[in-house]
Amino acid sequence: MSENSSTVGPGEGPGEPTGVNGGSAGRPGGPAGVDGEGAGAGPGAGGSGKSAGRGTGASPVAGVPAPRGRRRVTPKDLLARRAPAEVRAPQPADPGPAWCEGAETVGTAESALPPDPAEEAVGAASGPAPAPAAAARAAVRAPGRPDGSHPAHISGDRSTPAHSTRSTRVHPAGDRPTSVRTDGDRPAPTHPDGDRPAPPTVSGPGPAPRRTTASDPQEGPRPMATASPEPQAHGTRPPAGGARASAPAPGSAPRPARAPGTAPARSVPRHKVAVLGAHLGGGMLAAILARAGIDTVLVDSPHDADVPAGETTVPYTAEVFELLARRYDVPELSALGHFGELPEDVRRTSGVKRSIGFVYARPGTRVRPYQVVQFNVPSEHGESHLYRPDVDAWVHRLAVRHGAKAAPNRPVLTDVTGEAGEFVVELADGSAVGAEFVVDMSGPDAPLLDRLGPEPALRPLRHSSRVLTAHLRGVRPLERRVDPGAGGTPWTGGTTQIVFPGGWMQLVPFGEDRTGEGALTSVAVSLDAKQWPQRSASPEEDFQHLVRQFPDLAWQFAEASAVRPWASAESWQYAATRTVGDGFVVLDRSAVRCDFTLSRDVTLTAELVHEAAAHLIAAARDGDWSAERFRPLETFQATLIEHGERLLRSALTATSDFRLWNAFCRVWLLHSMFAALSLKRARNDALATGDRPDQWRELGRHRGAGLWFPVYAGFVALFDDTDRLLRQVADQRLAPGAAAERIFGQLRTASFVPPLFGFGDPADRYYNFTPLKRLKVLLWAKRRAPHLVQRVLTPGATVLPSVER
């Protein structure tokens with residue numbers, strides 16, 4: 001009944017499988033004329049971050065307002081100013097240990113691994129042993145990298161004049177300049193233990209911040225009301241009482257011109273760090289910095305509620321959230337990875353994610369029942385569908401509870417003036433705040449992008465696609481039309497990705513009851529512009545033209561209507577060519593916009609917040625805010641962007657054939673699983689060492705496959721092999737069926753893939769991790785798995801039970 005990946009399609013030769021120990025080459029005259037080319041590892045994820053193609057630039061996103069008082073600089077504008085010389089992009093990090101470099105196959109990578117401790121003990125009995133391989137591979141941290149130790153306390157805010165020759169600012173009628181309420185020059189108290197700052201005391205409404213549980217909705221000020229059980233659309237503003245101040249009215253007097261980099265001649269409340277962008281990433285970073293004792297102000301961006309953002313998590317995302325909570329002592333953040341721990345009002349409008357489903361569709365035909373794949377998420381992970389208006393509002397309240405400052409009524413930023421150490425963030429209500437250092441996470445027209453040099457600030461990614469997004473009601477449950485099968489669960493219980501040649505459509509249902517047509521559903525479509533060119537200037541009409549090509553989708557969306565208006569972009573993905581300047585760093589959505597599929601958007605945000613927080617806390621401790629101090633952060637961000645490009649480019653190629661997608665999605669799931677387990681092991685190992693200066697030394701160094709913590713090298717080689725095979729398919733040097741069979745061959749023979757998962761069997765299309773399977777996998781890990789995989793899959797004796805989660 002199932003379609004085996006070894007089936008030979010029209011025009012395909014019988015591909016020669018490649019095992020982990022061979023790198024068996026295709027025979028002369030084999031598939032697609034591949035002569036003697038094995039499934040070797042491709043370039044690491046840390047390949048060059050330079051632009052690969054000129055592209056046409058990104059079009060403005062529909063429904064995104066430009067900040068009043070200055071022209072909105074879109075990605076298209078910046079890309080149009082491309083310099084004739086090649087763009088200088090940050091170079092990815094050194095891949096780290098030698099056994100992660102140049103692995104031509106999974107087998108050769110595994111043979112280069114350090115020996116099992118039991119084997120070393122046997123060797124020691126017969127003669128002197130060489131120096132441990134791990135010691136020989138110990139990496140030296142780059143100068144200026146954070147070492148994980150707790151920072152010295154940073155003093156409170158202060159008011160100082162910002163020097164400038166700028167003319168007096170003209171405010172709209174009825175507007176008066178206001179200032180952010182701060183707690184003056186009072187230094188924050190020291191932690192009783194003497195080695196860590198206690199949460200700073202803040203003035204204003206509400207009690208002083210303290211460590212809380214995520215479910216405590218009453219503690220601290222609530223500057224923004226959460227949505228009701230029927231959530232509002234992304235583009236709407238909060239109700240009165242918690243409303244953000246809007247930008248100046250269109251008819252108001254214009255602001256006088258001034259020289260770039262100058263600041264208004266008035267006193268403004270000053271802070272150590274300003275975080276621009278009060279969304280999920282900005283709120284988490286502000287909460288962490290404030291908890292560490294750094295005087296931080298969180299500023300709203302005009303695009304926080306209007307630009308579409310990621311809404312799903314995977315087990316690896318949950319582990320990054322857990323790491324943020326444990327390393328930086330902000331326990332509430334772990335709730336983002338454990339749905340049941342979120343506040344009740346956030347759970348009501350969001351939703352638990354019980355599965356990840358892939359449904360393969362072809363134009364003009366019904367979905368075939370054997371062309372679906374479903375991975376059911378283990379219940380303990382509690383993955384989430386995050387309704388971003390409510391989640392972002394909760395994280396903002398969390399940041400304020402931990403001591404971050406925010407302007408009354410949350411006016412949005414309009415500009416950033418001044419220089420390093422004396423920045424002034426202009427706000428829409430005429431007020432301003434000052435900061436010594438700025439983290440710009442505001443969005444695609446980030447005010448600090450233009451300060452990064454004469455070359456274009458943004459570049460198109462190699463995987464550049466058309467994107468359509470909206471929130472809809474009236475979407476019919478897909479399980480009424482496409483049976484998930486005896487081993488599956490209803491599609492509406494999790495995230496569903498409709499895959500078709502040249503693109504995909506991601507469906508994310510919200511709320512507790514998703515089986516009815518009244519449920520709110522997020523729809524994000526990503527299309528290869530060459531295969532699916534724009535058919536209408538209206539994003540909604542363009543979407544309707546697409547779904548009419550697929551009978552099952554036409555039925556599913558026949559009565560759907562938009563709640564959040566449709567938004568579109570002809571070139572969605574972009575990345576900044578440089579991200580570090582004198583006194584500031586451009587991060588997250590200001591520096592990169594990636595596809596929403598496979599939870600990359602939310603995951604990337606959490607990873608960048610973790611790394612940025614370490615650098616910022618170390619800079620505050622040492623008093624060094626120089627640009628060179630943050631170069632490693634720039635490289636780290638470039639490396640993750642490069643990995644995202646590889647992953648999404650591979651995914652787009654895999655859509656050409658279900659057999660290839662069936663193989664690719666298993667490698668992706670294995671990536672997510674191993675990443676989650678390896679990060680958990682690295683976190684627990686670090687916590688077990690105690691509070692030492694080098695406690696977190698193993699985190700932040702690139703290991704390949706987009707991973708920045710210790711990971712099994714054989715897995716990195718598998719990911720690289722898959723990427724290389726898919727590039728051969730894209731170049732028409734290898735048939736999709738032959739590539740799929742080689743990937744399945746790797747999954748069947750790799751020593752680190754539990755056979756019980758059935759990843760090497762194309763017909764096994766349902767993944768259910770039951771308690772019985774869990775016990776069998778643990779037994780396999782103890783008896784047969786490589787030592788490094790065993791440490792990941794089983795509780796280690798070196799890890800204290802008190803730090804296990």
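Author: In this predicted model, eight strands form an open sheet of mixed pairing, in the order 16-12-15-14-13-5-6-21. Helices (H or I, at least four residues) and strands (E, at least two) are DSSP runs numbered from the N terminus, and two strands pair if DSSP finds at least two bridges between them. Strand 16 (561-569) and strand 21 (766-768) are the edges, each pairing on one side only. On average, neighbouring strands of the sheet are turned by 10 degrees against each other, direction ignored. Axes here are lines fitted to C-alpha atoms, for helices over the stretch in contact, and angles run from 0 to 180 degrees between N-to-C directions.

Within the sheet, strand 13 (residues 495-500) and strand 14 (residues 503-509) are antiparallel and share five bridges. Ile498 has Met505 of strand 14 as its bridge partner. Helix 13 (residues 658-688) packs on the sheet and touches strand 5 (355-360), strand 6 (372-376), strand 13 and strand 21, where contact means heavy atoms within 4.5 Å. The direction of helix 13 makes about 10 degrees with that of strand 6.

Helix 13 also meets helix 15 (residues 736-749): their axes come within 8 Å and cross at roughly 35 degrees. This crossing is left-handed, meaning that the near helix is turned anticlockwise from the far one by less than a right angle. Among the residues in contact are Leu660, Ala663, Val667 and Leu670 of helix 13, and Ala740, Ile743, Phe744 and Leu747 of helix 15.

Residues are numbered from 1 along each chain as its sequence is written. Local features need pLDDT of at least 70, side-chain atom pairs count only at pLDDT 80 or more, and totals for chains, interfaces and linings use all residues, while side-chain values use heavy atoms, with hydrogens and water left out.
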